[in-house]
Structures are given as C-alpha cells and as structure tokens.
Amino acid sequence: MLIHSAEFIISNTDYHKCPVTKLPEFAFIGRSNVGKSSVINMLTQRKNLAKISSTPGKTQTINHFLINQSWYLVDLPGYGYATISLKVKQGWSKMIENYLIHRENLFCTFILIDSRLRPQKIDLEFITWIGEQGLPMALLFTKCDKLKKGELARSKKNYTDALTETWEELPPFFITSSEKRIGRNEVLDFIGKAIKQT
Ligand code: GTP
Ligand code: MG
C-alpha cells in the first residue's frame, strides 16, 4: 500500500458529525501518550499531520484524515489519562465508545500498547470490550526503539500470555516504532488487504 496523499478533514467531539461516507476507516486508540498520533504521522510520512506532544492528553477529539482520496485514518483521544477530571474523562469515554459502536465504515481498530510496560489492566479491559462488541481489532506495540531485542520479545510474550488467558485466537499483532519507522510496511499491507477484501 503506497500513500500518495493525506489530508486532515475534520475534528469532532460528536460522532454524528464525522464525515458521511462509506469509505473504509481505520482508527487508532490506546492510553494517552502511547503514540497514536505519531503512528499516523509515520504511516503517512508527514511530520505534523496529527498533532503530537510529550504531555499526555494532547488529542482530545475524533480526527479524520483522508488517505489517497479513498480511505480514512482516525486519530482518537487517549484513555487512562490520570490527571484530567473524571467528568472530562467520562465525556471522552462516551465519545470514543459512541464512535466505535456506531461507525459503520470502521474496518479495524488498532489498539496501541506501550511495548515497555507489563500488561496493563486498562488495556486488557479495553481489548475485552472491543471483542465483546464484535469489532475487528489489531494490536500495535509502540516505541519498540526503546527496548532491546530480548526485552521486546519478553514483553510481547507477556502480552500474548495475558491475552491467551481469555482469548482462544489472538488478534493481528504489529511491532512498531514511529521514531525509527519500524512496522510501517506491515501495518500498511494489513490495511491494504483489509480494503481489498471488500
Ligand atoms: P495523546 O494524544 O495525548 O493521547 O497521545 P498519543 O497517544 O497521540 O501520543 P503522541 O503520538 O502524541 O506521542 C506521545 C509522546 O511519545 C511524544 O513525545 C512522542 O514523541 C513519543 N513517541 C511516540 N512514538 C514514539 C516512538 O515510536 N518512539 C519513541 N521513542 N517515542 C515516541
Ligand atoms: Mg494524540
């Protein structure tokens, strides 16, 4: 899958106002600061298409980016951001939940996981929730440049072990680094195949 064009379309707090379209859509979700916006920039090879920050809580809306005039990448706010108020957090959760449940052209949700951490309850719960909704998902390890090869393998095993406790079949799993552009081709091939299957 080659990317010829990538443009920001709209930013929303209400899923009703997302673009009316039947074009395939791929969303990125995960804890605040895990690297969702950075992955979108890596995939599109654009430095500032999605806004990134070292401070968690940067992305606060649903952001649509139109790729090759034919499909969308969607950047979502993070979950599990400790220092924002409960009320704001609940608002974001509802917004994300509504978007994920109601968006009919959503082909796949990439759940991003910080490769440096041991399996986190909040991520496992989110994966379970997505599974219960019957939504297609793929897991994406981020920031793998921060780990040595052996550490990365161990971290992946910790995750797959934790998941096999509840899941018979594991979702597709990608190892990425936006910093070093690792995993770009694999993720784009996966998207390309998913689009072709329609
Ligand atoms: P929110 O929008 O706040 O939920 O965060 P996000 O998940 O969109 O994360 P974002 O892409 O803004 O990145 C958060 C921080 O992690 C930034 O300081 C990035 O530079 C850094 N970061 C993202 N990806 C990588 C990576 O692959 N490697 C390294 N070393 N740092 C990364
Ligand atoms: Mg972001």
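Predicted model: local features only at pLDDT ≥ 70, side-chain atom pairs only at ≥ 80, totals over all residues.
Residues are numbered from 1 along each chain as its sequence is written, chains are lettered from A and ligands numbered from 1 in the order in which they are written, and side-chain values use heavy atoms, with hydrogens and water left out.

Helices here are DSSP runs of H or I with at least four residues, and strands are runs of E with at least two, both numbered from the N terminus. A residue is called buried when its relative accessible area is under 20%, exposed when it is over 50%, and partly exposed in between, using a 1.4 Å probe and the protein chains only. By this rule α1 is mostly covered, since eight of its nine residues are buried, namely K36, S37, V39, I40, N41, M42, L43 and T44. One of them, N41, has a relative accessible area of 6%, and the side chain of N41 reaches the backbone nitrogen of L49 at 3.3 Å. Such a pair is a polar contact, which is defined as two N or O atoms within 3.5 Å; within protein, one must be able to donate a hydrogen and the other to accept it, and residues adjacent in sequence count only if both atoms are side-chain atoms.

The loops on either side of α1 each hold a residue worth a look.

The magnesium ion (ligand 2) is coordinated by S37 through OG and by T59 through OG1, at 2.0 to 2.2 Å. S37 lies in helix α1 (residues 36-44) and T59 in the loop between α1 and β3 (62-67), so the pair ties together parts that are 22 residues apart in sequence. Both S37 and T59 are buried. Donors are N, O and S atoms within 2.8 Å of the metal (3.2 Å for Na, K and Ca), and because water is not among the atoms, sites may look incomplete.

Ligand 1 is surrounded by 22 residues, and the closest are K36, S38, G57, K58 and D145; a residue counts here if one of its heavy atoms lies within 4 Å of the molecule. An oxygen atom of ligand 1 is 2.6 Å from an N or O atom in the side chain of S38, whereas a backbone N or O atom of G78 lies 3.5 Å from an oxygen atom of ligand 1, and a polar backbone atom of E179 is 3.3 Å from an oxygen atom of this ligand. Taken alone, ligand 1 exposes 650 Å², and the protein buries 90% of that, the areas coming from the Shrake-Rupley method with a 1.4 Å probe.
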